[in-house]
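Please keep the structure in view while reading.

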Amino acid sequence: MRQALVVARKDLLIEWRARLLLVRVAPFALLVLVLFAVALDSEPLILRAAAGLVWLAMLFSSLMLVQRSFDVETDDGAVDVLLTGTVEPAQVYLGKMLAAFAQLLALATTLVLGAVVLYGATVGADHLVLLVTATLSAAWGLSSVGTLYGAVVANMSGRDSLLALLALPVTAPLLIAASRATEAAFGSQTIDTASGWAWTALLVVFAVTFTAAGAAAFGTLMESDA
Amino acid sequence: MVQTVTTNDTATTNDAVILLADAVVVLGGFPALAGVNLQVQPGELVALRGANGTGKSTLLRLCAGLAALSRGSAHVMNVDLATNRAAVRPYVGLLGHRNGLYADLTARENVQLTAQLIGAQRHDVDDALARLKIDSRVAATRATSLSAGQRRRTALASLVVRRARVWLLDEPHAGLDTAARVELDDILHEATQAGATVIYTTHEIDRTDGRVPRTVTLAGGVVATDDSSTHGVSR
């Protein structure tokens, strides 16, 4: 796990220097929230759709983060240095996933706050634990699947569009579960708290599955002639 | 400060560090290596020459476990690359055409990353930077702002920190000034004296004269000439 932490620290340091999350991704995600509100133009409708819109914006934004995470590996062939060493590919995967998780968590927090401010969504004290758990699980799931598919397309030409084409369909269950769980946390009349926890459990299963798959397949996927 | 390049202790029991027999590597339908026969002993320094597209880089990537063997056999450090090429990677250090640096990290941070991943100490990083004559100002500069030569030196410092058993260097002298090239030659000789095996590619004839005891020339994806007849190399 030490090597995974080294890789995660490296990715976060690069992000801190490049400020991609702060300068490009977060503004983009908030802009998506605003545009959704403008497009729907109905307060009750916006309030009902708030949770789904938050996670849809998260999904789009996560692609930018994942793309950047793998660009830094392939731009100067740094991934070859990682792969020709004593570092287990699974450790590299876990490290990159951890760094993506930290960034997505920060982004999710921003977007939930954005939903509260822009859409008037409310979170009662009794729903706070559900919201935090669902957000943590969904960010974990997104980072696990994003890092896995980032590796899939890392050595392909046209990887920008390919990542979206390949990853978005796979994240459909996560989008549904995260939206429903967050909707329950927002105190929606259409879903109760118990159901919110059930959807959160599904998020955990999704995250565990893709983390295991990513750790197992990362080495093979990152090889340029694989 | 002068640092002696040393290697890890996990030695192979077989004589040849690299043993290729009719090795074929196909990339995108094209046989980049078309049946290479090569045997390299521990502690050898081998210069690999050849025109562009003759398979020099592919040969290095094959030995590093990064290119898949299509036919023939290939063993590096007794690892069968046909069945488990990933297993060879802990033994090799590869410096390709690209330097493998992170643009937003400083020169020191790039070398430090390698050190942290293999569990090397801080003084190992200091020694490697000093060995490559990377001063504190350059060490604190982000890789994206370094000159081509400084980036090459940084990549070489990372390689020195690695203490690999097999050094695979693709045009390592490219981008270096004369003094740095001589320094690099010294480092490579030190590495071989410490037991490491070094193969590097070059276009320059003068780089293969004098101090390099063995020169192998590739042509059309096979070994065309081998200046040492004692290594059992055939075309």
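The axis of a helix is here a line fitted to its C-alpha atoms over the stretch in contact, and the angle between two axes runs from 0 to 180 degrees between their N-to-C directions. The model under discussion is predicted.

**Helix packing in chain A**

Two packed helices are described by the angle between their axes and the distance between the axes. In chain A, helix α3 covers residues 43-74 and helix α6 covers residues 128-153. Helix α8 of chain A covers residues 172-185. The table sets out two pairs formed by these helices.

| Helix pair | Axes come within | Crossing angle |
|---|---|---|
| α3(A) and α6(A) | 9 Å | roughly 40° |
| α3(A) and α8(A) | 8 Å | roughly 140° |

The axes of α3(A) and α6(A) cross at roughly 40°. Angles under 35 degrees count as roughly parallel and those of 65 to 115 as roughly perpendicular, so α3(A) is oblique to α6(A). The crossing of this pair is right-handed. On the side of α3(A), the contact is made by Trp55(A), Met58(A), Ser62(A), Val66(A), Ser69(A) and Phe70(A). On the side of α6(A), Ala138(A), Leu142(A), Gly146(A), Thr147(A) and Gly150(A) take part. Sorted by class, the residues of this contact are 6 nonpolar and 5 polar, with no charged residue.

The axes of α3(A) and α8(A) cross at roughly 140°. Angles count as roughly antiparallel over 145 degrees, and α3(A) and α8(A) are therefore oblique to each other. Their crossing is right-handed. Here α3(A) contributes Ala51(A), Gly52(A), Val54(A), Trp55(A), Leu56(A) and Leu59(A). Helix α8(A) contributes Leu175(A), Ala178(A), Ser179(A), Thr182(A) and Glu183(A). This contact comprises 7 nonpolar, 3 polar and 1 charged residues.

Helix α6(A) has 26 residues, and the distance from its first C-alpha to its last is 37 Å, close to the 38 Å expected at 1.5 Å a residue. Of its 26 residues, 21 are buried, so α6(A) is largely enclosed by the rest of the structure.

**Chain B and its side towards chain A**

Chain B contains 7 helices and 10 strands. Of its 235 residues, 52% count as buried. Among contacts in chain B between residues at least 6 apart in sequence, 72% join residues at least 24 apart.

Between the chains, 27 residues of chain B are in contact with 22 residues of chain A. Elements that each supply at least two residues of this side of chain B are β6 (92-95), α3 (107-118) and α6 (148-162). Helix α3(B) gives the most, with 4 residues. By class, the side of chain B that touches chain A has 16 nonpolar, 7 polar and 4 charged residues.

After α3(B) comes Gly119(B), whose phi is positive, near 80°.

Methods. Residues are numbered from 1 along each chain as its sequence is written. Chains are lettered from A and ligands numbered from 1 in the order in which they are written. This is a predicted model: local features need pLDDT of at least 70, side-chain atom pairs count only at pLDDT 80 or more; totals for chains, interfaces and linings use all residues. Two residues are in contact if their C-beta atoms, placed from the backbone, lie within 7 Å. Ala, Val, Leu, Ile, Met, Phe, Trp, Tyr, Cys and Pro count as nonpolar, Asp, Glu, Lys and Arg as charged, and the others, Gly among them, as polar. A crossing is left-handed if the near helix is turned anticlockwise from the far one by less than a right angle, and right-handed if clockwise. The expected span of a helix is 1.5 Å times one less than its number of residues. A residue is buried if 20 or more other C-beta atoms lie within 10 Å of its own, exposed if 12 or fewer, and partly exposed in between; C-beta atoms are placed from the backbone.
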